[in-house]
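Have the model open as you read.

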Amino acid sequence: MSYDLIIKNANIPQGDRQVLTDILVNNGVIVGFAKDIDAEAAETIDAGGKLVLPGVIDSHTHFNDPGFTHREDFVTGTSSAAAGGVTMIVDMPCCSVPSVRSADNLFNKLNALEGKGIVDYAMWGGITGEDVRNNVLPEIISEQVANGVVAFKVYMTPSVPSYPRVTDPEMLEAFAAVSPTGLPIGIHAENFAICDYFTNKLKGEGRLDYPAWAEARMALAEKAAIQLGISFAEETGARLHIVHMSTGAGNELIREAKLKGTKVTAESCPHYLTLNAVDAMTEFGTFAKIAPPLRTAKDNEVLWQGLADGTIDFMATDHAPYEIATEKDAPGMDVWTSFPGIPGVETLVPIMISEGYNKGRLSLSRLVELLCTNPAVHYGLYPKKGALEIGTDADFTIVDLEKEWTLDKDQMHCKPKYTPFHGMKLKGKVDKTIVRGTLVYDEALGVVGKPGHGEYVKRQTISELPRLLKY
């Protein structure tokens with residue numbers, strides 16, 4: 001028998017062990033595993049004993065296409081994903097024109113992305129305070145669900161003008177409307193009144209140092225927002241998801257809610273695990289400004305523990321770059337007027353390998369859950385995505401666990417070249433990225449995937465989610 005692709009000498013995770021095997025691929029899916037197989041193949045890739053993970057999923061990106069492509073577009077964004085070992089992204093609904101808040105908006109975005117994606121992609125659906133006030137929630141929710149969105153996003157603080165934030169009662173209405181669908185409702189958990197008041201207070205005091213951003217948007221703002229979200233989930237039965245959780249206090253709230261049986265999940269991001277506000281924002285200024293802001297070294301350690309023990313369900317990046325010359329570091333900009341956001345899709349895998357697995361903070365099985373399985377399960381993409389099983393998509397992230405290197409912003413593939421990880425020394429690097437049996441990145445060759453290879457993947461199922469996730 002002949003195959004489209006054989007990946008030879010692949011060390012695949014089996015629990016916390018690595019097992020050497022050959023992986024057999026036809027028509028973009030895994031069709032078998034064998035040891036030292038002697039068979040013909042249109043293409044053979046020798047993994048050389050490197051770790052081969054199920055394709056990594058970044059379920060929180062802002063690729064800004066269409067509408068804000070001076071910041072990032074779908075070609076550059078998915079190129080960055082491929083270079084970072086990410087085989088699939090899930091894009092947020094807010095940073096496009098128009099924002100995704102209806103089926104028509106979704107189709108507009110998907111049509112604009114046609115022929116651009118290098119890796120596969122799914123979509124978040126959207127709900128804003130304006131949609132609540134216009135009394136259109138039943139229609140816009142049902143039509144977005146029918147067209148495969150994987151979750152719904154609401155902002156408690158302002159995002160972009162075309163995506164109004166929700167007030168507290170508007171968020172409660174959104175929870176109640178989404179609950180019957182069984183899909184998650186993700187909240188940007190920062191209390192608006194606290195952030196707004198203390199931002200104005202510190203500005204009035206003349207604070208212009210960049211750590212002032214973190215002081216104004218204090219940890220209490222996230223804690224209060226998560227507490228409210230948990231209360232709303234308990235009231236409505238909705239599946240609450242906390243995106244980009246940044247605080248140790250939030251971690252404890254999620255732990256307690258899960259013990260009570262509340263349907264709540266959480267993600268965090270590499271910057272909340274490895275950077276702290278005072279050091280990073282003093283060194284990098286606006287290039288370390290993000291919302292929620294960076295926190296403390298103590299928060300870093302609590303979040304690592306939350307990842308290890310199952311409190312935090314998976315990792316994402318909140319990839320949200322801005323144009324340096326006009327939005328990040330324009331003449332006259334300061335800590336309050338520069339835009340909050342950083343690139344991240346290219347640094348997710350290297351940092352989790354280096355600082356998580358290689359430093360013993362995470363077991364191999366937990367690493368696979370956090371980067372691959374759990375986001376696929378959570379968003380209804382499993383087992384098409386997130387697994388190494390016969391019949392699953394042939395998505396692979398091949399990692400050289402021993403490679404030592406230094407992260408360089410100028411070598412990144414995103415459109416604006418900046419990162420607060422610049423100069424970070426890492427152990428573990430992405431060697432190859434394969435999407436449905438096609439090589440899209442090779443460390444020796446760079447990004448080799450063609451725009452248009454990536455496909456839109458609709459939500460596959462809802463029924464598996466409560467069984468597999470750790471509520």
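On a 1 Å grid over the protein atoms alone, a cavity is a set of points where a 1.4 Å probe fits but cannot get out, while a pocket is an open set with protein on both sides within 12 Å along at least five of seven lines; lining residues have an atom within 4 Å of a point. Grid points are joined across faces, edges and corners, and a volume is the space filled by probe spheres set on the points.

This is a predicted model, in which local features need pLDDT of at least 70 and side-chain atom pairs count only at pLDDT 80 or more, while totals for chains, interfaces and linings use all residues. Residues are numbered from 1 along each chain as its sequence is written, and side-chain values use heavy atoms, with hydrogens and water left out.

The largest cavity has Pro54, Gly55 and Lys384 among its lining residues.

Here are the volumes, with the linings sorted by class (Ala, Val, Leu, Ile, Met, Phe, Trp, Tyr, Cys and Pro are nonpolar; Asp, Glu, Lys and Arg are charged; the others, Gly among them, are polar).

| Space | Volume | Lining residues by class |
|---|---|---|
| Largest cavity | about 30 Å³ | 2 nonpolar, 3 polar, 4 charged |
| Largest pocket | about 700 Å³ | 15 nonpolar, 11 polar, 7 charged |
| Second largest pocket | about 300 Å³ | 7 nonpolar, 6 polar, 4 charged |

In the largest pocket, Pro158, Ser159, Arg217, Ala291 and Pro340 are the closest of 33 lining residues to the centre. Helix α6 (192-204) gives the most to this lining, with 6 residues. (Helices, H or I of at least four residues, and strands, E of at least two, are DSSP runs numbered from the N terminus.) The second largest pocket has 17 lining residues, and Glu346, Trp405, Gln411, Lys429 and Tyr441 lie nearest its centre.

**Tucked away**

Now find serine 246, in the loop between β12 and α9 (248-259). Serine 246 is buried too, at a relative accessible area of 1%. Which side chains does the side chain of serine 246 join in a polar contact? One is that of glutamate 222, at 2.9 Å, and another is that of arginine 295, at 2.9 Å. (A polar contact is a pair of N or O atoms within 3.5 Å; within protein, one must be able to donate a hydrogen and the other to accept it, and residues adjacent in sequence count only if both atoms are side-chain atoms.)

Terms used:
Buried means under 20% relative accessible area, exposed over 50%, partly exposed in between (1.4 Å probe, protein chains only).
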